[in-house]
Amino acid sequence: MERRIVPDVIGQQQLVMLPSSATVREAAIRMSERQVGAVLVTRDGALEGIFTERDLLHRVVAPGRDPNGTRLVEVMTKNPDTIEADGYAIEALSRMSERGYRHLPVLDQGRLVGIVSRRDFLGEEIILVEEEFGHEQRF
């Protein structure tokens, strides 16, 4: 049986959401407090963008931007790729691997309901490697 995004991969999540007017510092604090690698940027509950640890590194810290004065709208990924809640887990994992990102927002009929990360699929990746080699691998 193939696993679905909801409820097999994510159950009930308390999403970390901020408006696009929030500062990078606010986002970093929330990410640190919740021990997550991404913040969903929303307006009236609708997804506008995503801000990740990679964005913090490549779009803020490395270029020398001030996290106190930089707004998320300036450095977020706008209109990020998403997956439907009834999508297959392997589809989410494949998409993240092929397109080079680590977080994928989850929608249910257009409504934001969660986020999956590559970390959620660590066990799934090991299973795929084992299947590819035809036997169990020890890591």
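Tutor: Happy to. One definition first: two strands count as paired if DSSP finds at least two bridges between them. Please also keep in mind that this is a predicted model.

The chain has 139 residues, of which 36% are buried, and it contains 6 helices and 7 strands. Read from the N terminus, the elements follow the order α-β-α-β-β-α-α-β-β-α-β-β-α. Of the contacts between residues at least 6 apart in sequence, 53% link residues at least 24 apart. The accessible surface of the chain is about 8,500 Å², with 47% of it belonging to carbon and sulfur atoms.

Now to the sheet I would pick. Four strands make up an open sheet with mixed pairing, in the order S1-S2-S3-S4. S1 and S4 are its edge strands, as each of them pairs on one side only. A helix lies against this sheet: H3, residues 53–61, packs on it and touches S3 and S4, and the direction of H3 makes about 65° with that of S3.

Start with S2 and S3, which run antiparallel and are joined by 6 bridges. You can follow the pairing residue by residue: Val 41 has Gly 49 in S3 as its bridge partner, while Arg 43 stands opposite Ala 46 in S3. Where does the chain turn between S2 and S3? These two strands form a hairpin with 2 residues between them, and Asp 44 in that hairpin takes a positive phi near 50°. Asp 44 sits in the loop between S2 (38–43) and S3 (46–52). Is Asp 44 buried or exposed? Its relative accessibility is 80%, so it counts as exposed; the cut-off for that class is over 50%. In space, Asp 44 lies 8.7 Å from Pro 19, C-alpha to C-alpha, although 25 residues separate Asp 44 and Pro 19 in sequence.

S3 itself is largely enclosed by the rest of the structure, because 5 of its 7 residues are buried. S3 also pairs with S4 (residues 77–78): these strands run antiparallel, with 2 bridges between them. Here Ile 50 has Thr 77 in S4 as its bridge partner.

Ser 20 is located between S1 (17–18) and helix H2 (24–34). With 14% relative accessibility, Ser 20 counts as buried, since that class means under 20%. What does Ser 20 touch beyond its neighbours within four places in sequence? The contacts of Ser 20 are Val 41, Thr 42, Glu 48, Arg 71, Leu 72, Val 73 and Met 76.

S6 (residues 103–108) and S7 are antiparallel, paired over 6 bridges, with Pro 105 partnered by Ile 115 in S7. Their hairpin has 2 residues between the strands, and Gln 109 takes a positive phi near 55° there. S7 (residues 111–117) has 5 of its 7 residues buried, so it is largely enclosed by the rest of the structure.

Finally, H5 (residues 89–99) has Ala 89, Ala 92, Leu 93, Arg 95 and Met 96 as its buried residues. They span an arc of only 165° around the axis, which puts them on the same side of H5. An α-helix has 3.6 residues a turn, so residues three or four places apart point the same way. Just past H5, Gly 100 has a positive phi of about 75°.

Note on methods:
Residues numbered from 1 in each chain as written. Predicted model: local features only at pLDDT ≥ 70, side-chain atom pairs only at ≥ 80, totals over all residues. Heavy atoms only, no water. Buried < 20%, exposed > 50% of the residue type's maximum accessible area, 1.4 Å probe, protein only. Arc of directions from axis to C-beta. Contact = heavy atoms within 4.5 Å. Areas by Shrake-Rupley, 256 points an atom, 1.4 Å probe, with all protein chains shown as cover. Axes fitted to C-alpha atoms, helices over the stretch in contact; angles between N-to-C directions.
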